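The sequence and the structure are shown first.

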Amino acid sequence: MKDFEVYSSLKVPKNSKIIVRLDGRAFHKLARDLDLIKPYDERFYQVMAKVCEDLFKEFSPLFAYTFSDEISLLFDKLPFDGRIEKLNSVIASFTASSFVINYNVSFRKPPAFDSRIIPIAEEDILKYFKWRQDESWRNCVNSYGISYLKNNYSNSEANDKINGMKLNEIHELLFENNINLNDIETYKKRGIGIYRKNKKIEGFNKKENKNQISYRSHVYIDWELPIFNEKFFREIKVIK
Ligand SMILES: Nc1nc2c(ncn2[C@@H]2O[C@H](COP(=O)(O)OP(=O)(O)OP(=O)(O)O)[C@@H](O)[C@H]2O)c(=O)[nH]1
Ligand SMILES: [Mg+2]
């Protein structure tokens, strides 16, 4: 019967780095059910950051990035020997469980995440994360735009208006109405990054009878990301 499991041997190419991208299933409905604040619900973002931390501790990716209901995980060492079915199913179910545990409310329906695997060459890593961060910015402008329009027009008028507008036009409209996106929190514009960082530990070495500095790495949640660039990814040792 094992022969019927035709996809079980499907693997990521050896020595390839991969990105696993997870996305909340029908989270527009979940947002309605949980009455999430528009355009940005702080608690939801806190939970997504905690989910990333759980994923980091469990599967040791090199870098995680989240905005809205999506999470990208970059792996250099492949869990499950690179088996596609295992990666997608275990990571997606772990993400949903962590989301439920960290939210700690009762849900109308069990939340789920979809998962996809993207093999990525070293030179495309920065490009990939810039692409997602651009999407985070677009999402930010659109979310503030639609919230502003819905406060001033009917839902259908607001939707029609925003569909006909370019990003810079929405930005301008908000600015003219005293909503300056430059002043909002960084994570809303640029998303949240999770990576390992060295913490300085000052201690006393009894044997040698002197103060000593050592470094221990810990999982760091970065709410103040820069606009992604090569220098940043080098510094956090995501690219060489
Ligand atoms: N109110 C509110 N909603 C949010 C927030 N963050 C994410 N969402 C919702 O999550 C949705 C994510 O978008 P998508 O992933 O494209 O839509 P989806 O409904 O999850 O659909 P699928 O991913 O295709 O299953 C947004 O459209 C919002 O409705 C938030 O901070 N506040
Ligand atoms: Mg979604």
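## Fold and layout

Along its sequence, the protein chain follows the pattern β-α-α-β-β-α-β-α-α-α-α-β-β-α. It comprises eight helices and six strands, where helices (H or I, at least four residues) and strands (E, at least two) are DSSP runs numbered from the N terminus. The model is predicted: local features need pLDDT of at least 70, side-chain atom pairs count only at pLDDT 80 or more, and totals for chains, interfaces and linings use all residues. Residues are numbered from 1 along each chain as its sequence is written, while chains are lettered from A and ligands numbered from 1 in the order in which they are written.

Taken along the principal axes, the C-alpha atoms of the protein chain fill a box of roughly 70 × 65 × 40 Å. Of its 240 residues, 24% count as buried; a residue is buried if 20 or more other C-beta atoms, placed from the backbone, lie within 10 Å of its own, exposed if 12 or fewer, and partly exposed in between. Residues 24 or more positions apart account for 68% of the contacts with a separation of 6 or more, two residues being in contact if their C-beta atoms, placed from the backbone, lie within 7 Å.

## Domains

The domain assignment, which is automatic or from a database, gives domain 1 (1-121 + 183-240) and domain 2 (130-182). Their centres, taken over C-alpha atoms, are separated by 28 Å. The contact takes 14 residues from domain 1 and 13 residues from domain 2. On the side of domain 1 that touches domain 2, β2 (63-67) and α7 (186-190) are the elements giving two or more residues, and the largest share, three residues, comes from α7.

Leaving aside neighbours within four places in sequence, Val20 is in contact with Leu73, Phe75, Leu87, Ile91, Ser115 and Ile117.

Strand β2 is largely enclosed by the rest of the structure, because five of its five residues are buried. Phe63, Tyr65 and Phe67 point one way from β2, and Ala64 and Thr66 point the other way. Two strands pair if DSSP finds at least two bridges between them; the pairings of β2 are listed below.

| Pair | Sense | Bridges | Opposite residues |
|---|---|---|---|
| β2 and β3 | antiparallel | five | Phe63 and Leu74 |
| β2 and β5 | antiparallel | three | Ala64 and Ile194 |

β2 and β3 form a hairpin with two residues between them, and Ser68 in the turn has a positive phi of about 45 degrees.

Glu70 lies in strand β3 and is buried, with 20 other C-beta atoms within 10 Å. Not counting residues up to four places away in sequence, Glu70 touches Arg21, Leu22 and Asp23.

## Ligand surroundings

Ligand 1 is surrounded by 15 residues, the closest being Phe27, His28, Ala31, Leu36 and Asp41; a residue counts if its C-beta atom, placed from the backbone, lies within 6 Å of the molecule. β1 (17-24) and α1 (27-33) each supply at least two residues of this shell, and the largest share, three residues, comes from α1.
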